[in-house]
Amino acid sequence: MPIQRLNHAVLYVRDVSRSVAFYQEALGFRVVNSFPGAAFLQASGSTNDHDLGLFQIGAQAGPSAAGRSTVGLYHLAWEVDTLAELERVSVKLAEMGSLAGASDHSTTKALYAKDPDGIEFEVSWLVPAALLDEETLAGRSQIRPLDIAKELERYGAETRGGVGVSI
């Protein structure tokens, strides 16, 4: 049987309380279980037992070198349902000083940010399959800066995005 989807991710962090506060404020996660040095969080729209596990390893932990000098995970990506939500998250991440970039991958509109430990993550909205056209599909060959206002005008604030791959 094939893999269906990613169920959850687990991160090693310096300070579990700081990371919990960040993910709650930035992305609306809620704690569903915790014990000293660990917390399990669920995204507000999720039916998973948990979506993110956090394990504390202490302030002495060095930064992740993944992608710069070692192999390792580049980032995690979470989907939002609407462009209005993507815009809200963009504003929140910018206010928190965590927003690192925003890209238009044509079929995917993506924000990139870093948590307090410098772990990168993505928040994205996917063009629904019913709205894909030849121009949008052809646009996947290049990455452009994201213009959320332009995308809101094109697709509407409340248009529900695709789930997973939108084709």
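**Salt bridges across the chain**

A search of the whole structure finds 9 salt bridges. A salt bridge here is a side-chain nitrogen of Lys or Arg within 4 Å of a carboxyl oxygen of Asp or Glu. This is a predicted model, in which local features need pLDDT of at least 70, side-chain atom pairs count only at pLDDT 80 or more, and totals for chains, interfaces and linings use all residues. Residues are numbered from 1 along each chain as its sequence is written, and side-chain values use heavy atoms, with hydrogens and water left out.

Start with E25 and K92. They form a salt bridge, and the closest N and O atoms are 3.4 Å apart. The pair links distant parts of the chain: E25 sits in helix α1 (residues 16–27), K92 in helix α2 (residues 83–95), and 67 residues separate them. Helices (H or I, at least four residues) and strands (E, at least two) are DSSP runs, numbered from the N terminus. E25 is partly exposed, at 43% relative accessibility. The classes are these: buried means under 20% relative accessible area, exposed means over 50%, and partly exposed lies in between, with a 1.4 Å probe and protein chains only.

Next, go to R160 and D81. Their side chains meet in a salt bridge, 3.2 Å from N to O. This pair too links distant parts of the chain, 79 residues apart. R160 lies in the segment after α4 (148–155), while D81 lies in the loop between β5 (76–79) and α2. R160 is exposed, with 57% relative accessibility. D81 is partly exposed, with a relative accessible area of 43%.

Now turn to a buried pair. The side chains of E151 and K109 meet in a salt bridge, at 3.4 Å from N to O. E151 counts as buried at 2% relative accessibility. K109 is buried as well, at 2%.

One backbone feature remains. Most residues other than glycine have a negative phi, and most peptide bonds are trans. S106 is not a glycine, yet its phi is positive, about 75°. Look for S106 in the loop between β6 (99–104) and β7. S106 is buried, with a relative accessible area of 5%.
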